[in-house]
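Look at the structure first, then read on.

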Amino acid sequence: MNFQLQWLSPVQCFVVFDLPLATQYEVLLLRYWIGLLQNEWKDQLLEIQSEPRGILLFFSVKMAKKTTEKRLEKTWQKTIGQKEMRFQSWVFPLLWDHSDRGDLFQYFKGDPSQLQAYQEQFVAQPLYAAFYGFMPGFVYMGGLPPAMRLARKDEPRLQVPAGSVAVGERYVGIYPQVSPGGWQLIGQTPIALFDRNRSPAFFLAPGDRILWKSVSASEMKYWQQQYNNLPQSSDDAILL
Amino acid sequence: MRSFCKVIETGMYTSVQDGGRIGWRHRGVPVSGPMDRESFTQANAVLGNPEDAACLEITQMGPTLLFNDPTWVSVSGAQISIEKNKVKQQMDSGLFCDVGDVLSLGQTEKGVRSYLAFQGGLQTEIYLGSRAQFYPISPSATLEKGEKLYFHPTSATTVPPSKVSKGPIASLHQEDKLLVHKGLDWDACPAAIREALFSTTMLLGSNNRMGYRIEAALPKSDNQPLSGIVVPGTVQLTPGGNLLVAMQDGQVTGGYLRILQLDPAAINFLAQQASGKKLQLQWAG
């Protein structure tokens, strides 16, 4: 991967990648790099936000362009020399929407074999957290094979319920609170990716793996009553 | 006992704002903070407060507050009528509110946002490092009737804070130019739109703390890029040929072309404009 710098202001630098990130491995490289950059600049760096096409660095002081570029280059070389990328693997419960007014039923025009095949493939396909955006706690999850992508709805819904699991083109997401939304709703999850009263308020990090698990309505209720409703997770790594 | 005043009337859209919730964009949380930072800074400066001290941001119609404890306050930004116990008061100067005083702010003129500062800054609840109200990070987006607003204790014998005499607030000027820089996706902006951008008179549409819609009637285009980072002042082009300007509570990503970026001063200026205002874009020097 190559990158170039685009300065929005003397304190905001956009690092543009030559190709958008498209795999869990690439997002993990970025996660490692961001860690090095935070260590490199410490208090001078207010924060880093990532998206598939680049990262935005917010500095607290004006930066010299040449030295910024050199430090980015140096830390990037160190990143690609890593032999192991660590992350968490999570299992998220999913209660499918089986109603005949549901988006998935409409999408497949009620064809039972297509519906069943989609649901089986969905829970067999590990996804990864790509980046946060849209609203607090909304994670764009990547990794859907092209055949499983669903086109967005022509007209967005005015009110999508919180906890809705949705597919929009290449991404899967969970609506963290009630909001308008144009993605196809496939079911509900008890997992809140943001909870003001929970510690930690956010737990999913870009690069983490997500595996969906079909649950029944009573299992869903059980989850909702769990203190802190954090899902199951395990340590995981990609070795090179 | 903590010092406080009680919210008798909330006003139209009054919220607590401080320097902003910095460092949470990577979890999807907008920075929030004052829409017109210049007026906010002035309100704090009058009382000798820290630059980022929490104030009330008032939109078009101000609140009525009943003081349970004494403190000094000041109001800057859009011109607004101020009454303490039904006696008219001045803007941009320290004003002592004693136990039992009722402070009432009216409607804004020449601008839409005023800032009410409290000596030492409001001491409301901190969420993710900031007192700025933004739902769902804070439990509500605006003041609620009957709510207690906490502040530092002050006694009547405290020396009145010195006035700060600054020039007129630049964001309140009455021009019709919006200063812009090239945005992250400028290179992908269709040529027909680039040509029309600076010769079109545009109309401010609906707006709130998330953003301003600008009715621009530019040529239609069908660019649908991947979702990308949006910061306050980012101008996106909709397929229908209008512009969306992200403001302090704006979503941290957007799905349209980011053709322009407002000059920092233009963000403050825009924050004082109401829908119906006619504007022209101009390159910032």
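In chain B, 15 residues of domain 1 are in contact with twelve residues of domain 2; contact means C-beta atoms, placed from the backbone, within 7 Å. On the domain 1 side, β8(B) gives the largest share, three residues. That side of domain 1 of chain B divides into six nonpolar, four polar and five charged residues. Ala, Val, Leu, Ile, Met, Phe, Trp, Tyr, Cys and Pro count as nonpolar, Asp, Glu, Lys and Arg as charged, and the others, Gly among them, as polar.

This is a predicted model: local features need pLDDT of at least 70, side-chain atom pairs count only at pLDDT 80 or more, and totals for chains, interfaces and linings use all residues. Residues are numbered from 1 along each chain as its sequence is written, while chains are lettered from A and ligands numbered from 1 in the order in which they are written.

The bounds come from an automatic or database domain assignment.

| Domain of chain B | Residues |
|---|---|
| domain 1 | residues 3-168 |
| domain 2 | residues 177-283 |

The C-alpha centres of these two domains of chain B lie 29 Å apart.

Chain B also has a barrel. Seven strands close in the order β10-β17-β14-β15-β12-β11-β18, with mixed pairing. Strands are DSSP runs (E, at least two residues) and helices likewise (H or I, at least four), numbered from the N terminus. Two strands pair if DSSP finds at least two bridges between them. β11(B) and β18(B) run antiparallel, joined by two bridges. In one of them, Leu203(B) partners Lys278(B).

Chain B also meets chain A: 19 residues from chain B and 24 from chain A make the contact.

Methods
Two residues are in contact if their C-beta atoms, placed from the backbone, lie within 7 Å.
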